[in-house]
Amino acid sequence: MVREIQTLLLSHKHIHLRWLKAHVGYLGNECADQLAKEAITKGDPFLLPKPLSYLKSEIKSAALSIWQDNWDNGETGSSTHDIVLRVSNKPVGWNREEIMFVTGHGPFPSYLHRFNLRTHDNCSCGEKGDPMHYATKCRFTLSWHFQTPTVSLKLQWLKNILTNNFSRTRLRLLMRFICDENNLIVVDNN
């Protein structure tokens, strides 16, 4: 269609194309607007498909919806799900130590025992060696202790730590100590 128009314009030198201000009463322009509106309502086959940016947005939205559904109904990650309720393609801004603490995946006896890498899940002080133990009770990590939350406020306690820069720094130092001094806090019977 564009080539036909170009050919017609080249063969009829008396036809000139000019810009016209829209919607100010030029008869030809008003007729063209009316024909365009009619074509849209009648489902004219010359309608252009949706732009690529729209399609990308729709695909992204559908993918996030599927991901959210999998996140909400999944069988793993429950400790993290309680803190990060909505999935997003934007990073949460946590570093390695914070991720290990929140997920419980790291040098913790409770984690290592699940995979038969330790014979028990106890810290060398005798209590269960999970992240909360090291952050609040363990005698080997006194320098980094946080106040012990009540069971009902544990989730809010963790969210508060992750949103406070000073607390996040203490948490990172705690995790670095646990990683560096793992032989001190984990005694294995293997």
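Guide: The sulfur of Cys138 lies 3.6 Å from the closest cysteine sulfur, which belongs to Cys123, and this is too far for a bond. A disulfide is counted where a pair of cysteine sulfur atoms lies within 2.5 Å. In general terms, a disulfide is a covalent bond that joins the sulfur atoms of two cysteines. A search of the whole structure finds 0 disulfides. Cys123 accordingly takes part in no disulfide, and its nearest cysteine sulfur is that of Cys138.

The model is a predicted one, in which local features need pLDDT of at least 70 and side-chain atom pairs count only at pLDDT 80 or more, while totals for chains, interfaces and linings use all residues. Residues are numbered from 1 along each chain as its sequence is written, and side-chain values use heavy atoms, with hydrogens and water left out.

A residue is buried under 20% relative accessible area, exposed over 50%, and partly exposed in between, with a 1.4 Å probe and protein chains only. Cys138 has 0% relative accessibility and therefore counts as buried. Cys123, at 3% relative accessibility, also counts as buried. Phe115, by contrast, counts as partly exposed because its relative accessibility is 44%.

A further side-chain contact concerns a charge and a ring. The charged end of Arg170 sits over the ring of Phe146, 4.2 Å from its centre. Such a placement requires NZ of Lys or CZ of Arg within 6 Å of the ring centre and within 35 degrees of the ring normal.
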